[in-house]
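Student: Please take one part of this structure and go through it closely. I would also like to know how that part sits in the whole.

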Number of protein chains: 2
Amino acid sequence: MTVARASVVDVARALGIAPSTVSRAFNHPDRLRPETVAAVQEAAERLGYVPNRHARALITGRTGAIGLIVPDITNPFFPKLVRAAQRSAEQRGLSMFVAETGYDPEKERRQIATMAPQTEGVIVASSRLPDDELRLIAQRTRVVFINNDTPGLSRVLLSSGSALREGIGHLAAQGARRLCYVGGPARSWSEGERRGAVRESAAALGLEAHYLRDESGTYAEARALAKSVLASGADAVIAFDDVVAHGVLDGLLVAHVRVPEKMSLLGCDDALPIQTHPRMSTIRLPFTEGVRAAMALIVADEVEADTRIEVAGVLELRETTRG
Amino acid sequence: MTVARASVVDVARALGIAPSTVSRAFNHPDRLRPETVAAVQEAAERLGYVPNRHARALITGRTGAIGLIVPDITNPFFPKLVRAAQRSAEQRGLSMFVAETGYDPEKERRQIATMAPQTEGVIVASSRLPDDELRLIAQRTRVVFINNDTPGLSRVLLSSGSALREGIGHLAAQGARRLCYVGGPARSWSEGERRGAVRESAAALGLEAHYLRDESGTYAEARALAKSVLASGADAVIAFDDVVAHGVLDGLLVAHVRVPEKMSLLGCDDALPIQTHPRMSTIRLPFTEGVRAAMALIVADEVEADTRIEVAGVLELRETTRG
DNA sequence: CCTTGCAGTGCAAACGTTTGCATGCGAGCA
DNA sequence: TGCTCGCATGCAAACGTTTGCACTGCAAGG
């Protein structure tokens, strides 16, 4: 069991100096004689002293922690985000709280309210709360949103639009004429961005485009949609994300449609824990960069509302597209 | 931005009562007149008072948080664990820190050391630290291990042995004669348990058994192993987990081996974010139950070292096995 | 030699709670 | 009526830090 831990006064007493000096040895070593600092460090080491974060938080107001709220940790997109956030936090010497909302607005509210007071700030991914409420929340708590482009908020967007346009250009160059976009959850920001990119590119390149939707974003629903994809007469499929793409791929394979010979397929996120066969062409999202930006916003000295940071994904052509 | 939050004394002043009474209204409402409690609640609500966890932690020594340390968050096994842990923590009114080690012992040490002082206790999954060191750590910090059967520790095991034996019995009943076990990382506790179960069952049922290993536990390596599986002459494959099983499955499918007609396949964990085709027969692990037990050990009043809790997975026959 | 300034350190207050002890008050009982 | 008892609440200390201010002594400058 945990025995009583050494405190700053224990260390001070051991050295016959004041607690404030011990504190300074850790926080402002430049204001102390080097020998004093060394002595304190030695004694702290010997006594197993480790600063009490709660006491420190109480006086300084800095908690040494950040929060991360995601809707669904089993969606492979979010573990990638968690990993990036944790590494970024670690670099800054922060610990990270994680919570899941299950896309439930009520849970999301509660999680934000719980985390806010005990963290430097919280990162909320793919929020499902109404814009007005988000703005209200942003007023009284330090919060950065990921993939939620609500004006008035601090937000970072993992964007796939330009890579998607590039990918569609590539598909067209390889002979695609009829696109089919299999979208995801309608409320998702990425969904809007991706659908928009498909629409634009199709118009610009003179391609036909057909639109389907996997509202649940699940593999099973996507797999069932493969029939509709075929019925649309498309020769290239763009999928909302890799899970959807994977479902479509398997649906096509079962129907003996050869990919990419008869049908090209482009996914998004590059977050699958497994490889498909053929290997999925997709868009690799800059998780690390995006989260780093979010973290910077959180620990920034002055917050400015309405900061919009967009980081762009890059096209990763593998085996489900030709060329 | 965060404005100065209301404190217990603000609430007290607003009501003309003592701070201690406000505190008691939250912590020992039974010791107060019901009307007082109601008044405090109303005022707290109105002023937006929310208790400062750091101040509370400072005086009570209870932090209201637990830690969870996993090796690799992108392995679909662990998001399941994270989810279970978070729900369990939430039920108990605890927040949850999460950190990732990347299977790096040094990082694991550091994460444990960082989390221990600021939590009620920490759950460490699939530790890669030597037994002696774990026992040392367990002496001075409240820690529960998951899938690490080191004597002397508090540990909970998500066991698949009995379900696996049942599954192999089923395979044999359906005509399987030569098993092939495709194992995972050698240091993993689950690996030992599963390999052992295969060995035992094979002996008991008079089946031949061939052993391969996907040391990295990755889809790609497993997929490449499909050739060796075929070479072994097996008619049924047991895989370390669903990722490995998925790799083997795809490798077999590419070689035009029909599953389950020509080859049965049994995975483990039931943690894949996608469905395979045919749907994977597997062993569903009791994440919720296991984590709940771990949580109970952590918040228990008296800790007893060397507590071993085993929760058993259940066989889930789907489409990669016959019958 | 006296003053000034600065580097190094100590003192004590403050952060927001919780809690043991003290206090006051009304009810019950003799 | 007087005494005891228990309930509801207040008082103040304590948790472990950090930090503004005060103090000391020494070096440098006049």
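Tutor: Chain B can be laid on chain A with an RMSD of 0.3 Å, by a turn of 180° and a shift of 0.2 Å along the axis. That is the relation of a two-fold axis. Here the copies are superposed by least squares on the C-alpha atoms of residues with pLDDT of at least 70 in both. This is a predicted model: local features need pLDDT of at least 70, side-chain atom pairs count only at pLDDT 80 or more, and totals for chains, interfaces and linings use all residues. Residues are numbered from 1 along each chain as its sequence is written, while chains are lettered from A and ligands numbered from 1 in the order in which they are written.

The contact between the chains takes 44 residues from chain B and 41 residues from chain A. Two residues are in contact if their C-beta atoms, placed from the backbone, lie within 7 Å. Among the elements that give two or more residues to the side of chain B that touches chain A are α5 (77–91), β2 (95–100) and α11 (242–254) of chain B. Helices (H or I, at least four residues) and strands (E, at least two) are DSSP runs, numbered from the N terminus. Strand β2(B) gives the most to that side of chain B, with six residues. Of the interface residues of chain B, 93% are also interface residues in chain A, so the copies meet through the same surface.

Now the part for a close look, a sheet in chain A. The domain assignment of chain A gives domain 1 (1–44), domain 2 (65–158 + 286–312) and domain 3 (161–285); such bounds come from an automatic or database domain assignment. The sheet is open and has four strands in the order β7-β6-β8-β9 (chain A), with parallel pairing. In chain A, β7 (208–213) and β9 (264–266) stand at the edges, each with a single partner strand, so one side of each is left without a neighbour in the sheet. From one strand to the next the twist averages 20°. Two strands pair if DSSP finds at least two bridges between them. Strand β6 (residues 178–183) of chain A is joined to β7(A) by six bridges, and the two run parallel. One of the residues in these strands is Gly183(A), whose bridge partner in β7(A) is Arg213(A).

Helix α9 (residues 189–205) of chain A touches β6, β7 and β8 (236–239) of chain A, and its direction makes about 170° with that of β6(A). Helix α11 (residues 242–254) of chain A touches β6, β8 and β9 of chain A, at about 145° to the direction of β8(A). Axes are lines fitted to C-alpha atoms, for helices over the stretch in contact, and angles run from 0 to 180 degrees between N-to-C directions.

Next, two residues seen from inside. Cys180(A) has its place in strand β6 of chain A. Cys180(A) is buried, with 26 other C-beta atoms within 10 Å. A residue is buried if 20 or more other C-beta atoms lie within 10 Å of its own, exposed if 12 or fewer, and partly exposed in between; C-beta atoms are placed from the backbone. Not counting residues up to four places away in sequence, Cys180(A) touches His210(A), Leu212(A), Val229(A), Ser232(A), Ala234(A) and Val237(A). With the same exclusion of residues up to four places away, the residues that Val182(A) touches include Leu212(A), Val237(A), Ala239(A), Val244(A) and Val248(A). The largest nonpolar core has 171 residues, and those with the most contacts inside it are Val182(A), Val248(A), Val182(B) and Val248(B). A nonpolar core is a set of buried Ala, Val, Leu, Ile, Met, Phe, Trp, Tyr and Cys residues joined through C-beta atoms within 7 Å.

Chain B has an open sheet of four strands too, with the order β7-β6-β8-β9 (chain B) and parallel pairing. Three bridges join β8 (residues 236–239) of chain B to β9(B), and Ala236(B) stands opposite Ser264(B) in β9(B).

The loops of chain B hold some backbone details. Val259(B) and Pro260(B) are joined by a cis peptide bond, with omega about 10°; Pro260(B) is found in the loop between α11 and β9 of chain B. Asp270(B) lies in the loop between β9 and β10 of chain B. Phi of Asp270(B) is near 55°, a positive value in a residue other than glycine. With 21 C-beta neighbours inside 10 Å, Asp270(B) counts as buried.
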